[in-house]
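This briefing sets out selected features of the backbone and the strand arrangement of the chain shown below. Please read it alongside the coordinates.

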Amino acid sequence: MTRAEWGLLLALTSPLGWALPPRAELLPGADPSDWLLIIEADGERQSSELEITPLLRQFAVGRVTMSRVTTPVQQLTRWQIPLHQSGSPANTGVVIAPLKLGNKFTPSLTLPMRQASSAALPQPAVPSPLEMQASIDHQGPLYPGQPVIYRLTLWLPTSMQNPGLSELSSTHFTIRRLGSDEWIAPAQAGLPGRLTRSWLVQAKAPGLWHIDSPRLQGQLIQQGSNPQRLSARAAPLAIRVDKAPATAVASRLTLTQRLEPGTTAEVGEPLIRILTLTMENGDGSQLQLAQLMAHQLPTGVQAHPDGEQQQERYREGTLLFEREWRQTLVAENSGKYQLPPIAVPWFSTQSGRIEQASLPAIDLTVLATARPQPDSQPPQIPRPESLWWVLLALALRAVQRHGPRWYAFYRLQRALARRQPEASRKALIHWATLRWQVPYYQLGQLPGAGHNRISNALGELERACFSPPSSGEPIEWCALAHPLRAHETAGIAHLISLLAYRGSRSRRHAP
């Protein structure tokens, strides 16, 4: 078969090769000089494919509206072009030259002669001011987990206010927003602008699934009328997801592993095994290698999961997924061990066949431990002299911590034993401040019924210091000294009181 025949065969088998040529139709308007040109072409076409320059030389062209019609058996693109004939009489036939549409041309049309006095025909319905189109950027078979781009294109009039677009949702797909919106302003006033929003979708299971378009809502501002509320959806898409020959589907998949700190260890010493999966354009959650790593271990080696982490990012049209599994390996006895190889089948969307991601076997060498085990060491009994040092350290610590307060309590007991009102009052204030960490004016407000003795003792000492000598009853010094011991450290308070009273008694009887 020659090259020309091959080219003809490819043209006939391509979607555009067997498509019908463009169709054109003229509809009369309400005025004899107005016409509506309708052009239809099979398939999804872009607005830039139709060249309307020849029309501008003959007519005043109104707003061009493009819409897409999708049915189970047909998909076409339709243009509606208002024309106004102002340079020729109404009863003169005008020929509309063919317009270029892609690589084809529309048929030529002739305007029929109309009388100016003829009755006005009904005006065709005004096309919708909103146009929405949903599409999937993918060719060929689609498998579960394989990411594709769902793209929604909207042609919005510039007079639309408060537009709101809902999110894409479906129970059969994993959906994530992709990048930011793309807005293209209209080329001239009166034409709509184009907004494009994309999502990354991944099918969860094989089957024929329908995915509904997000809903657009807003208000259209028109001159001389109230704002018109609008709501629209694009046509739903039917997506067929085929069953993959293997569980994992990706354009590329690799496995790597390493051992830390190495392949040699002692009995009881842990080894960290790290397994890393790298996948492009696939769903990494379909592979769970943790169970496979634990079930294929040799006898005598215990494995414990040590966590896992993953990250996923989309860059330059590729969805990259990375997951890392970690496990701790501990050998019970010394000897030679071998970690078996790992083989994971996966389906490659590039080659269209099942491939294997494999890891080789790893030899481990476990040596007998050279250090004595903690259980084999005899229990060490502390020596008696070490106990004395411990007690001495505890005593020094207690003296350092409570020494100032104990010395203040000694000065208080010694002043009470010597029956010195002024010295006793100052010593009581100083000791109570250290004991309860409160200022002087709060000593009478200490909580608890037992602290009333502190307030009573302070009141009696102040009466003895600041009242006339003849007023009141004499102070009972022993009744003030003994109850204060209950508020100091047991044993220490009794010893301090003995030292204070013995020192004051010896000083009193000294010649």
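In which loop does Asn 281 lie? The model is predicted, and in it Asn 281 belongs to the loop between strand S22 (271–280) and helix H3 (290–295). The points below are grouped by topic, beginning with the backbone.

**Backbone geometry in loops**
- Asn 281 has a phi near 55 degrees, which is a positive value in a residue other than glycine.
- The peptide bond joining Glu 260 and Pro 261 is cis, with omega at about 5 degrees.
- Pro 261 is located in the loop that runs between strand S20 (252–260) and S21.

**The sheet S21-S28-S25**
- An open sheet is formed by 3 strands in the order S21-S28-S25, and its pairing is mixed.
- Strand S21 (264–266) and strand S25 (335–339) each have a single partner strand and therefore stand at the edges, with one side of each left without a neighbour in the sheet.
- On average, neighbouring strands of this sheet are turned by 30 degrees against each other, direction ignored.
- The pairing of S25 with strand S28 (residues 362–367) is antiparallel and extends over 5 bridges.
- Opposite Leu 339 stands Ile 362, which is in S28.

- Strand S6 (residues 94–96) contains Val 94.
- The relative accessible area of Val 94 is 15%; because the cut-off for burial is under 20%, Val 94 counts as buried.
- Val 94 and Leu 111 are 17 residues apart along the chain, and their C-alpha atoms are separated by 5.2 Å.

How values were computed:
Residues are numbered from 1 along each chain as its sequence is written. This is a predicted model: local features need pLDDT of at least 70, side-chain atom pairs count only at pLDDT 80 or more; totals for chains, interfaces and linings use all residues. Side-chain values use heavy atoms; hydrogens and water are left out. Two strands pair if DSSP finds at least two bridges between them. Helices (H or I, at least four residues) and strands (E, at least two) are DSSP runs, numbered from the N terminus. Axes are lines fitted to C-alpha atoms, for helices over the stretch in contact, and angles run from 0 to 180 degrees between N-to-C directions. Buried means under 20% relative accessible area, exposed over 50%, partly exposed in between (1.4 Å probe, protein chains only).
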